[in-house]
Amino acid sequence: MSGMTAEAREIMAYLKKYNLADQLNVIVNKLCKKRSDDPFGFLASRLHQLAAPPVITKVEGREILSSDARPAVQVDVYCKVDDSVKFVSRGTTSAPKHLPDEKRSEVDGDAKWYRGLGVKRAVTTIKEVIHSNLGGLEPKDQDKCDEMLRKAGKGKLGVSAMSATSVAICKAAATLAKLEYYQHVARLIDSDSKSPRTLTVPRPLMELIVGGACGSSLAFPSVMVYPLTSDSFSNQLQLCCMLHHFLGETIAAKFGDQFRTTTASGSFAAPVAELGEALKLVRESATAAGITLGEDLAIAVQAGPWKDGYVVKAKDKVKSVDEMVDFYSSLVKDFKEVGMLIDPLSRDDMESWAKIQSSIDADEETKGKVIEIIGDRIETEAGATIRIERSQTVSDVIKAFKDGAKSKPTCLVANNGATDTFAADLAVGLGTTYARFGGPRGQNVALYNRLLQIADAL
């Protein structure tokens, strides 16, 4: 080597450092033994296996509009892959419509820019803080990335900006592993399991009538419908959409065409004051559509949150817990189509939730009818709801699912106006029982269409 030039010595040292000659010799020998019809593809795949694992090199954020024209945070993740930096994935989430004080770091507060709801501050934080802290991490290590994200963004990023970044990282890991997003989420869930789950598409929990909006004086936030049949997801969705279509016609015929227009969540704001009136509209529409409630579809009622006590009708007196139990018992007796109650009582009265089913069983007419009681803002023994907009990261969503869901009915809720369909993949990957994406309107339709695509793939 004494006669070598300095450059030649550097090349020899480089070859020795990475054992390139031996590695290439092994790969070429394998190629000759296999005699592949695509030798360059064979070499590329084997060399790729020896490449350094992809790492995050750049994180960029921008302010975009959500489906309801409110500012949202969009995050792009770039990774170093095979010795070059590439754009890999994009995550988007929008801010919850009513932000509590502790989440005010999410928005700018500039009244002249989107009425104070701009997210430029979050975008700047992503560029100046998050980017440098995530650099060098492998996107496949979701827990580590999310932990770093929480530490770096504490007090600087709101929930939706942090969620958008976490989603982008999750999608990057799936893309690099050449997996569908739902497959990668399932891997994250089943990382400790020896036998992977059989993935299925959750049943749609479709919103039909919303209370307290657009002139509606209904005290209950939402009336929904979900399939009871075990048919394909396509058939389940068709039933829900048909009922939604016929409900629009029923409401227009009774109250005028102006009430046919749906709200931002895709549901109808029927001008009714009592829950029974709303349920009769659904019943009448189902009959017109040729749908048998109680066999094809069942009704779900969102009751809470109970901010002002148990008031079931505007300007009515506040009811006691026992009176509410009697109310639900009578409701199920009059409307046997009701199969699910969400937050029927407050967190403080959780010990009385079981009384509802006991009261139903005590009546000879409804004895044996099982009502699914699911917590929205609180978890119950019967089931739990996971809301994406309340979770900071993908890891938080997974933890919430593992903590309260695997053996219980669970519902993933995503109606925060995000402009991508990751929530559909998340619901399938988690294995939730229901997917609550609002009524069939706007971005919600894209979510339902994504579930149709996944159903075909599965």
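In what sense do β5 and strand β6 pair, and over how many bridges? In this predicted model, the pairing of β5 with β6 (residues 222-227) is antiparallel and runs over 4 bridges.

β5 and β6 belong to an open sheet of 5 strands, ordered β5-β6-β7-β8-β9, in which the pairing is mixed. The edges are taken by β5 (206-210) and β9 (372-374); each has a single partner strand, so one side of each lacks a neighbour in the sheet. From one strand to the next, the twist averages 25°.

**Helix α8**

Helix α8 lies across β5, β6 and β7 (297-302), and runs at about 20° to β5. The helix covers residues 233-255, which is 23 residues. At 1.5 Å a residue, α8 should span 33 Å, and this agrees with the 33 Å between its end C-alpha atoms. After α8 comes Gly 256, with a positive phi near 115°.

**Packing around helix α4**

Helix α4 (residues 120-134) packs with helix α6 (residues 159-176), and α4 also crosses helix α5 (residues 142-153). The geometry of the two pairs is set out below.

| Pair | Angle | Axes | Crossing |
|---|---|---|---|
| α4 and α6 | about 45° | 11 Å apart | right-handed |
| α4 and α5 | roughly 150° | within 10 Å | right-handed |

Why are α4 and α6 described as oblique to each other? Their angle is about 45°, and angles under 35 degrees count as roughly parallel while those from 65 to 115 count as roughly perpendicular; α4 and α6 are therefore oblique.

On the α4 side, the contact with α6 is made by Ala 122, Ile 126, Ile 130 and Leu 134; on the α6 side, by Ala 161, Thr 165 and Ile 169. By class, the residues of this contact are 6 nonpolar, 1 polar and no charged.

Which residues of α4 meet α5? They are Val 129, Ile 130, Asn 133 and Leu 134, and in α5 they meet Cys 145, Met 148, Leu 149, Ala 152 and Gly 153. The residues of the contact of α4 with α5 comprise 7 nonpolar, 2 polar and no charged. Ile 130 and Leu 134 of α4 take part in the contact with α6 and also in the contact with α5.

How values were computed
Residues numbered from 1 in each chain as written. Predicted model: local features only at pLDDT ≥ 70, side-chain atom pairs only at ≥ 80, totals over all residues. Heavy atoms only, no water. Helix = DSSP H or I, 4+ residues; strand = E, 2+ residues; numbered from the N terminus. Expected span 1.5 Å × (residues − 1). Pairing = 2+ DSSP bridges. Axes fitted to C-alpha atoms, helices over the stretch in contact; angles between N-to-C directions. Contact = heavy atoms within 4.5 Å. Parallel < 35°, antiparallel > 145°, perpendicular 65-115°, else oblique. Left-handed = near helix turned anticlockwise from the far one by under 90°. Nonpolar A, V, L, I, M, F, W, Y, C, P; charged D, E, K, R; others polar.
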